[in-house]
Amino acid sequence: MTRMSKARTALVIGGGIAGPVAAMALQRAGIEAAVYEAYDTTADGAGGGMTIAPNGQDALDAIGAGDLVRAIGTPVTAMGLRSWTGKDLARFAPPARLPVPQFVWRADLYRAIYDEAERRSVPIHHGKRLTGTTDTGSGITAHFADGTRASADVLIGADGIRSTVRSLIDPAAPWPNYAGLVCFGARLDPSATPSMPSMPSTDGVMYLCFGKRAFFGYQVFDDSSAVWFVNLPHRAPMTVAEAQAIGAEEWMRTLRTAFADDRTPALEMISRTDAGQLLITGPMENMPSVANWTHGRMTLIGDAAHAASSSSGQGASIAAESAVELARCMRDLPYDQAFAAYERLRRPRVERIIKLGARTNSNKTAGPVGRALRDLVMPMAMKLINPEKMAWQFDHHIDWDAKSAPLT
């Protein structure tokens with residue numbers, strides 16, 4: 001293949017969520033793609049919950065996969081912000097003209113996307129930990145730790161926030177920074193505590209509570225099941241393994257103490273949770289801007305290129321957007337022009353969303369004075385904000401049929 005030819009084959013490194021979505025999008029664009037995942041087994045049962053925003057659903061709809069989310073999701077009609085005293089600070093939602101955000105468990109989303117990729121005959125290979133690449137002049141070869149190789153026209157890194165592909169593209173590329181928060185969550189099943197009265201539904205509203213010592217989010221669904229999650233300020237950085245080594249029982253005691261003074265449902269919902277059901281998802285991390293998304297025949301998507309804090313509520317959604325936009329550009333342009341057009345389309349948008357999430361993180365770690373000012377100012381500020389000014393993050397449509405244009 002010459003440099004000015006369109007790519008016809010692709011290696012996708014990373015078999016989480018972004019990788020299979022990218023492979024399906026590439027397949028739809030007429031490019032043969034295979035996924036290579038480092039772990040030996042699937043990630044069934046792993047991870048907590050997330051919302052798929054209207055823009056994420058739109059991106060998946062572009063490749064005929066949006067119904068996967070709506071089939072497993074629970075609508076989130078609005079986000080309600082509350083103080084530790086239980087005072088309502090603000091409520092916001094995407095414009096009514098857009099699809100309703102969907103809350104999904106990561107494990108359910110992973111399985112739905114994985115099964116759909118298999119149904120579409122996308123090859124997914126496990127136990128393939130990338131160690132290096134070779135540009136052959138006419139293509140690129142990936143080298144794996146098990147001694148095997150695979151070759152294609154291009155290679156796409158969808159291998160997460162600690163991306164190996166990113167370090168191959170740019171050995172000086174940054175690594176994630178600790179955001180000062182350790183994260184937890186749980187799913188509440190009313191059948192697990194039949195002696196306790198059911199909690200009332202929040203009628204589609206997910207509440208986000210700025211606690212006195214920690215941040216608490218929750219939603220109670222119509223069937224009385226519920227989800228809760230915590231962002232706990234913690235000065236010292238720690239890995240997921242280090243957080244899990246402390247043990248669920250000890251963390252449950254810490255969480256009960258953190259919310260002991262709050263007049264929100266936090267303490268009740270934590271007390272209803274068996275320690276065995278606690279998800280210790282580990283540190284929240286911020287990813288500095290990645291200067292180089294592309295080198296030669298390699299490029300990045302998803303968290304490997306633009307990891308948004310979970311506070312943004314957009315991580316999976318903008319990963320899906322990038323996967324679809326990259327495939328659309330590669331359908332229409334030689335790979336070098338496609339990579340450049342893709343980055344031009346994506347970088348300003350994703351970096352704006354990342355900055356918004358970082359500002360939210362700073363609110364979660366506010367001290368006593370900052371907390372008082374936030375709770376005083378936020379209700380007045382939200383009344384002055386035109387909701388349409390916030391719609392940009394949700395009202396983002398990818399026109400799959402539109403032809404990609406090269407940089408001029």
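## Around His-306

Leaving aside neighbours within four places in sequence, His-306 touches Trp-293, Ile-318, Ala-319, Ser-322, Val-350 and Ile-354, where a contact means heavy atoms within 4.5 Å. This is a predicted model, so local features need pLDDT of at least 70 and side-chain atom pairs count only at pLDDT 80 or more, while totals for chains, interfaces and linings use all residues. Residues are numbered from 1 along each chain as its sequence is written, and side-chain values use heavy atoms, with hydrogens and water left out.

So where does His-306 sit? You'll find it in helix α9, residues 303–306. (Helices are DSSP runs of H or I with at least four residues, strands are runs of E with at least two, and both are numbered from the N terminus.) His-306 is buried, at 2% relative accessibility; buried means under 20% relative accessible area, exposed over 50% and partly exposed in between, using a 1.4 Å probe and protein chains only.

## Aromatic pairs

Rings of Phe, Tyr and Trp (its six-membered ring) pair if their centres lie within 6.5 Å; planes under 30 degrees apart are stacked, over 60 edge-to-face, and the rest tilted. Go by that rule and you get 13 aromatic pairs. One of them joins Phe-103 and Phe-221 in a tilted arrangement, with 5.8 Å between centres and 35° between planes. Phe-103 belongs to strand β7 (residues 102–105), while Phe-221 is in the loop between β15 (215–220) and β16 (226–233), so this pair ties together parts that are 118 residues apart in sequence.

Tyr-207, Phe-216, Tyr-218, Trp-228 and Phe-259 come together as one aromatic cluster.

## Charges over rings

Two Trp rings are worth a look here. Lys-212 lies over the face of Trp-84, 4.7 Å from the ring centre. Arg-352 has its charged end over the ring of Trp-392, at 3.8 Å from the centre. The rule for both: NZ of Lys or CZ of Arg must be within 6 Å of the ring centre and within 35 degrees of the ring normal.

## Helix α4

Does the length of α4 agree or disagree with what you'd expect? Helix α4 covers residues 106–119, and its 14 residues should span 20 Å at 1.5 Å a residue; the end C-alpha atoms are 20 Å apart, which agrees. (The expected span is 1.5 Å times one less than the number of residues.)

The buried residues in α4 are Ala-107, Leu-109, Tyr-110, Ala-112, Ile-113, Tyr-114, Glu-116 and Ala-117. They pack against α1 (18–28), β3 (49–52), α3 (66–72), β7 and β8 (124–125). After α4 comes Ser-121, with a positive phi near 65°.

## Strands and sheet

Strand β1 (residues 9–13) is mostly covered, with four of its five residues buried. β1 runs parallel to β2 (residues 32–36), joined by five bridges, and Leu-11 has Ala-34 of β2 as its bridge partner. Strands pair if DSSP finds at least two bridges between them.

Elsewhere, three strands make an open antiparallel sheet, ordered β3-β7-β4. β3 and β4 (74–75) are at the edges with a single partner strand each, so one side of each has no neighbour in the sheet. β4 and β7 run antiparallel and are joined by two bridges, with Pro-75 opposite Gln-102 in β7.

## Two glycines

Gly-14 lies in the loop between β1 and α1 and is buried, at 6% relative accessible area. Its C-alpha is 7.0 Å from that of Ala-38, 24 residues away in sequence. Beyond neighbours within four places in sequence, the contacts of Gly-14 include Tyr-36, Glu-37 and Asp-159.

Gly-180 is in strand β13 (residues 177–188) and counts as buried at 18%.
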